[in-house]
Structures are given as structure tokens and as C-alpha cells.
Protein chains: 2
Amino acid sequence: MAAETRQRQVDRSRETRRKLMTATVECLVERGWAGTTTTLVAERAGVSRGAQLHHFRTRGELVAAAVEHVGVQSAHELRERAAAFDSSADRTNAVVELIANFFASDLFTAALELWVAARTDPELKRLVVPLEARVGRECHRIAVELLGADESRPGVREAVQATLDLARGLALANQLTDDSRRRGRIVRQWATMLDAALRAGEPGTGDQP
Amino acid sequence: MAAETRQRQVDRSRETRRKLMTATVECLVERGWAGTTTTLVAERAGVSRGAQLHHFRTRGELVAAAVEHVGVQSAHELRERAAAFDSSADRTNAVVELIANFFASDLFTAALELWVAARTDPELKRLVVPLEARVGRECHRIAVELLGADESRPGVREAVQATLDLARGLALANQLTDDSRRRGRIVRQWATMLDAALRAGEPGTGDQP
């Protein structure tokens, strides 16, 4: 019985956390960093201020946790969607498109608000720098996996990293206006260039279509 | 004599404007959008509030004008520096490096503060959307010129645009920590791939080193 009660508490606590995370990202997207107050997030999540404070002491901790939580969820989603692709010649194009569209999403917008605020806020920066490193490594790992890239070949590691930096740059260009048509054309061209780089020196496949 | 007085007034007005522009960008870099008040900028520029208001009615107008003014100046600088390059095989690498380092500068940081603020501020957004389009076109024009790119060939236009989006993505990765070493490696790999794309189908030179 005691174990059951404890489990219910754990579930409720996890659910509270999840609600806070989602509300925080929504709030960042809608109102930016300046408009994302802990009061507003608690209200939006339907969570009491006490419960919120039990989970997160400051706005910085709340926002950093939200960006990481939603990021991890989205990474799972990305992997699942990519699992549906076959390994045809168009796989590189499909993966680059998936990554570029993943970045051009609300999660990136929320992260951007956090990153920019952290630049001029030393306490926030202390939280965000290690988060940036973790997110960067995780994105790289996923991209290598989805592209089936062999990083032992010269230039491949950098080409994969360039793909992620390009995706971030394209996401930035999507903040004020819908840039999806231009993005689509650039993604196709980059996928062609990337595919050639990934296949360069691959035994027996280098010249295949 | 009247003409001379008028000329002095024009010069003084231009100088006031220039001081305000520089102070605004410095202020954005140091304190972000939230900390860039018109009072602080006027103080920093050593310009009276009256003179400032004569030039710019709102903070949004001041900041948008500053980002555009400093952007135009920097574009001139970029063209001058690139003029010193010869047209050797390394030119593409030198140009991509120049562009990537240009974006990873204080001007980009200032622009980023403005862009992010504009996303959730409709009045500011109204100023920044056309500014973004102008800046985007000008950057593209300069990149085509510096790279000597022939946009009539398939994929070349998109490869040049991708270079600028990559530069923006790399600049973003440079906001919280110094990312210059990683950037250097990615730029070299990108330049190799871009050079191949620019030369693809070029009569008689496609296979040259």
C-alpha cells in the first residue's frame, strides 16, 4: 500500500514537471524570454506556485530544464521518424530535410530565447553553457547515426557538423518570416553535396547514383 | 557663407548619427536588447537627448538604423579585404573564412538581439522584416561577387545561400563560448565542398586541383 502511494506521488510529480516543461516552451515561443515569468508558466501549466518552486528554484533553472526536456523528447521523435526511411540514395536528402525542419521548429525558437538571454546574464549563462555542450553532442550523435556517416574518413565529421550548423542558420532565417520554400531548395542542394562527401572513398559505392 | 554653415550642420548631423549608431551596437552587445535604452545610448554616444530624438523617434528605429548602418560599413570592409585575395585555388577557402568570421562578430550579436526582440514585438517586427530582406540580398550579392560564382549553373545559387546560412549557424554557436577552432575546421571542409559545387560543369576546369 505504502509503495502504491509512493508510486502515485512519483507519477504526479512527473506529470507536474511535464506540464511545467511544455508550458515554459510555449510561453517562450509566445512571449520571449522577457515575458516568460515563473508566475505565468505556473498559471499556464495549471500548477500551484508551491509545486513549481518545489521543482525549480529560479526562472533560469525552469527554462533550461524545459529546453533540455523538450529537446530530449524531440530527439527521440527524430530517431523514430528516421527509422522509417530506407537506405536508398535519397536517404541523405530525407535525413537533411528532417534535421532542417526539426531545427526550424518552436523548440529552436524557445532555445534561441534562452541562448540570447544567457549571453548577457552571467547566472543564466552558467546553466546554459553545459546545456549547449550536451545538446550539441547529442545532435551530432543523432545526425551521424541517421546519416550512417563513417567519421573515420577525412572530412566526414566536419561535413556532419556543418549540416547541423547549416540547420541552425536556416532556423534563424525562419524566425520572422516563413522561409520554408527557400529552405527546401537549399536543403536539396546541400544533401547532394553532403552525399558526395559521405560517399567519397567508400569502397565500390563512390560512383553509384 | 550660408552654404558653408549649412555644410557644417550637415557634417555635425552626420557625425551625431554615426556616434549614435556605434554606441547602439556596443550597447546591444554589452547589455542585450532589454538593456539598450535610448537614454543609455545617448549618454554613451555623448549626444543630447534632443539631438537623438531629432534623428530617431523610438528605440526600435534607433536600433534598426544602427544595425543597418554598421552592416553597410562592414560590407564595404568585407569587399575591400576580399579584393586583396588572388584568384588561386585557395580563394574559395579564404572567402568562406572571411564570411564566417564576419558573421561571428559583434555586428551579428547586435543583429541577433534585434531579430529575437522583433519576433515577439509587432511594431519592431514591422521595421525588421524589410531590413532582414535588404541585409539578406546584400549579403548574397557580396558572397556571389567574392566567390566569383556563376549562378546560371544548377545548384550554384543554393550553394552560395547555404554558405551564408552556415555562417549564421556558426555565428550562433559562437555566442556563449569561443567556437573559433571548431569553426575553422568546418569552414575548411565546407570550402572544399563548395569549391567543387562552384566548379562543377565549368568548361575545362572541373577536374583541376
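In the predicted model described here, helix 5 of chain B and helix 9 of chain B are oblique to each other, a class that takes in whatever is left once angles under 35 degrees are called roughly parallel, over 145 roughly antiparallel and 65 to 115 roughly perpendicular. Helix 5 (residues 91-103) and helix 9 (residues 180-199) of chain B pack at an angle of about 130 degrees, and their axes are 9 Å apart. Here an axis is a line fitted to C-alpha atoms, for helices over the stretch in contact, and angles run from 0 to 180 degrees between N-to-C directions. Helices (H or I, at least four residues) and strands (E, at least two) are DSSP runs, numbered from the N terminus. Helix 5 of chain B passes helix 9 of chain B in a right-handed crossing; a crossing is right-handed if the near helix is turned clockwise from the far one by less than a right angle, and left-handed if anticlockwise. On the helix 5 side of chain B, the residues that meet helix 9 are Thr92(B), Asn93(B), Val96(B), Glu97(B), Ala100(B) and Asn101(B). Their partners in helix 9 of chain B include Arg183(B), Val187(B), Trp190(B), Ala191(B) and Leu198(B).

Residues are numbered from 1 along each chain as its sequence is written, chains are lettered from A and ligands numbered from 1 in the order in which they are written. As this is a predicted model, local features need pLDDT of at least 70 and side-chain atom pairs count only at pLDDT 80 or more, while totals for chains, interfaces and linings use all residues; side-chain values use heavy atoms, with hydrogens and water left out.

The crossing of helix 6 and helix 7 of chain B is left-handed. Leu114(B), Trp115(B), Ala117(B), Ala118(B) and Arg119(B) in helix 6 of chain B meet residues of helix 7 of chain B, among them Leu124(B), Val128(B) and Leu131(B). In chain A, the axes of helix 5 (residues 91-103) and helix 8 (residues 156-172) come within 8 Å and cross at roughly 45 degrees, so this pair is oblique as well. Helix 5 of chain A passes helix 8 of chain A in a right-handed crossing. Val96(A), Ile99(A), Ala100(A) and Phe103(A) supply the helix 5 side of that packing in chain A, and the residues they meet in helix 8 include Thr163(A), Leu164(A) and Ala167(A).

Phe103(A) also has a place in the largest nonpolar core, which has 136 residues. Such a core is a set of buried Ala, Val, Leu, Ile, Met, Phe, Trp, Tyr and Cys residues joined through side-chain atoms within 4.5 Å. Buried means under 20% relative accessible area, exposed over 50% and partly exposed in between (1.4 Å probe, protein chains only). Phe103(A), Leu114(A), Trp190(A), Phe103(B), Leu114(B) and Trp190(B) have the most contacts inside the core. Apart from neighbours within four places in sequence, Trp190(B) is in contact (heavy atoms within 4.5 Å) with Ala162(A), Leu166(A) and Trp190(A) in chain A, and with Val96(B), Ala159(B), Ala162(B), Thr163(B) and Leu166(B) in chain B.

How are the two chains related? Chain B can be laid on chain A with an RMSD of 0.0 Å by a turn of 180 degrees and a shift of 0.0 Å along the axis, superposing by least squares on the C-alpha atoms of residues with pLDDT of at least 70 in both. That is the relation of a two-fold axis. The same surface serves both copies, as 100% of the contact residues of chain B recur in chain A.

Chain A comes to nine helices and zero strands. Of its 209 residues, 50% count as buried, and the C-alpha atoms of chain A fill a box of roughly 65 × 45 × 30 Å along the principal axes. Among contacts in chain A with a separation of 6 or more, 65% join residues 24 or more positions apart.

Thr177(A) lies in the loop between helix 8 and helix 9 of chain A and is partly exposed at 33% relative accessibility. Leaving aside neighbours within four places in sequence, Thr177(A) is in contact with Val129(B) and Glu132(B). Arg44(A), in helix 2 (residues 38-45) of chain A, is partly exposed at 36% and touches Ala23(A), Glu26(A), Cys27(A) and Glu30(A), not counting residues up to four places away in sequence.
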